[in-house]
Amino acid sequence: GGSAAATMNGANEVAVAAFLAGRCGYLDIVGAIEYALTKSQFVVTPTLTEYAAIDAESRRLAKEFLKL
């Protein structure tokens with residue numbers, strides 16, 4: 001619930017794109033998602049504006065984990 005699904009989605013999209021481009025391994029996808037979930041702030045009932053910020057943060061965190 002809350003912001004976790006948006007965090008997982010943003011990180012997953014970055015990691016899968018990196019995998020398909022040959023820039024990371026398959027198991028790095030899970031690592032990137034876990035990293036984003038661990039490092040991001042959880043919001044119980046996010047607003048639409050917060051969802052946009054959560055998405056951007058999760059994508060940044062996934063790139064940080066994957067060193068992209």
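Tutor: Terms before anything else: helices (H or I, at least four residues) and strands (E, at least two) are DSSP runs, numbered from the N terminus. This is a predicted model, where local features need pLDDT of at least 70, side-chain atom pairs count only at pLDDT 80 or more, and totals for chains, interfaces and linings use all residues. Residues are numbered from 1 along each chain as its sequence is written, and side-chain values use heavy atoms, with hydrogens and water left out.

Student: Where does F19 lie?

Tutor: F19 lies in helix α1, which covers residues 4-20.

Student: Which residues form the nonpolar patch on the surface?

Tutor: F19, L20, Y26 and L27. Together they have about 500 Å² of accessible area, by the Shrake-Rupley method with a 1.4 Å probe, with only the protein chains shown counting as cover for residues. Patch residues have over 30% relative accessible area and no salt bridge; like charges are joined within 9 Å, nonpolar side chains (Val, Leu, Ile, Met, Phe, Trp, Tyr) within 5 Å. A salt bridge is a side-chain nitrogen of Lys or Arg within 4 Å of a carboxyl oxygen of Asp or Glu.

Student: How many aromatic pairs?

Tutor: Two. Rings of Phe, Tyr and Trp (its six-membered ring) pair if their centres lie within 6.5 Å; planes under 30 degrees apart are stacked, over 60 edge-to-face, the rest tilted.

Student: Why is the F19 and Y26 pair edge-to-face?

Tutor: The planes are at 70°, so the pair is edge-to-face, with ring centres 5.6 Å apart. Y26 is exposed, at 59%.

Student: And what about Y35 and F65?

Tutor: Their centres are 5.4 Å apart and the planes are at 40°, so that pair is tilted. Y35 is in helix α2 (residues 27-39) and F65 in helix α3 (residues 48-66), so the pair ties together parts 30 residues apart in sequence. Y35 is partly exposed at 21%. F65 is partly exposed too, at 30%.

Student: Switching topic: what's the pattern along the sequence?

Tutor: α-α-α. That is three helices and zero strands.

Student: What does the C-alpha trace span?

Tutor: About 35 × 15 × 15 Å along the principal axes.

Student: How much of the protein counts as buried?

Tutor: 31% of the 68 residues.

Methods. Buried < 20%, exposed > 50% of the residue type's maximum accessible area, 1.4 Å probe, protein only.
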